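Here is a short report to read alongside the model. Please keep the sequence and the 3D view open as you go.

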Amino acid sequence: MLNYPQVELDFMNRDHAEFVGLRESLLAALAQNAAPAAIEDLLDRLLAHTRSHFAEEEHLMRQVGFPPYPMHKGEHDRVLANMETQTAKWKQNGDAQALHEWLERAVGDWFINHVSAMDFVTARYIAAHLPS
């Protein structure tokens, strides 16, 4: 299980927990040699969840005029592009080992770093600047 901080916005904490749960489900499915269709479904759910979460976060950043919005948005765009690439690779070649390594290392490390740095600061700024 990933160890990451809670942030000042409840929706972000809920979304982060859901992201972690989907990642863990994918890792478990791979470990159990689940059917490729089941893994594909989980990958599609992870991608859809991440798109939705990023869109909500970006909306709030724009709403409150978060100064480093372009940098945070750029990170989101990079991560989504990578997720789309990895999902397409899975659908094309079904390489379970490569998918496992990506989820375990790249996704896990990115998630902890992103929440601990970017999301922590972003949530604090948004919480302080949202209209009451």
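What follows covers helix packing and then the cavity.

## About the model

This is a predicted model, in which local features need pLDDT of at least 70, side-chain atom pairs count only at pLDDT 80 or more, and totals for chains, interfaces and linings use all residues. Residues are numbered from 1 along each chain as its sequence is written, and side-chain values use heavy atoms, with hydrogens and water left out.

## Helix α1 and its two partners

Let us start with helix α1 (residues 10–31) and helix α2 (residues 36–64), which pack at about 165° with axes 10 Å apart. Helices here are DSSP runs (H or I, at least four residues), numbered from the N terminus. Axes are lines fitted to C-alpha atoms over the stretch in contact, and angles run from 0 to 180 degrees between N-to-C directions. α1 and α2 are therefore roughly antiparallel, a term for angles over 145 degrees. Their crossing is left-handed, meaning that the near helix is turned anticlockwise from the far one by less than a right angle. Contact (heavy atoms within 4.5 Å) involves residues including Phe11, Asp15, Leu22 and Ala29 of α1 and Ile39, Leu46, His53 and Leu60 of α2. The residues of this contact divide into 12 nonpolar, 5 polar and 6 charged. Here Ala, Val, Leu, Ile, Met, Phe, Trp, Tyr, Cys and Pro count as nonpolar, Asp, Glu, Lys and Arg as charged, and the others, Gly among them, as polar.

Turn next to helix α4 (residues 96–129), whose axis comes within 10 Å of that of α1, crossing at roughly 170°. That makes α1 roughly antiparallel to α4. Among the residues that meet are Met12, Val20 and Leu27 in α1, and Leu99, Leu103 and Val107 in α4. This contact has 14 nonpolar, 3 polar and 3 charged residues.

## Helix α3 against α4

Helix α3 (residues 69–93) packs on α4 at an angle of about 165°, with the axes 12 Å apart. That makes α3 roughly antiparallel to α4. The crossing of α3 and α4 is left-handed. Met71, Val79, Met83 and Trp90 are among the α3 residues in this contact, as are Trp102, Met118 and Thr122 on the α4 side. By class, the contact of α3 with α4 has 9 nonpolar, 6 polar and 3 charged residues.

## The cavity

The structure holds 1 cavity of 30 Å³ or more. On a 1 Å grid over the protein atoms alone, a cavity is a set of points where a 1.4 Å probe fits but cannot get out, and lining residues have an atom within 4 Å of a point. The largest cavity has a volume of about 60 Å³, volume being the space filled by probe spheres set on the points, which are joined across faces, edges and corners.

Which residues line the largest cavity? They are His16, Phe19, His49, Thr50, His53, Phe54, Trp110, Phe111, His114, Val115 and Asp119. The lining has 5 nonpolar, 5 polar and 1 charged residues.

Technical notes. Helices (H or I, at least four residues) and strands (E, at least two) are DSSP runs, numbered from the N terminus. Angles under 35 degrees count as roughly parallel, over 145 as roughly antiparallel, 65 to 115 as roughly perpendicular and the rest as oblique. On a 1 Å grid over the protein atoms alone, a cavity is a set of points where a 1.4 Å probe fits but cannot get out, and a pocket is an open set with protein on both sides within 12 Å along at least five of seven lines; lining residues have an atom within 4 Å of a point.
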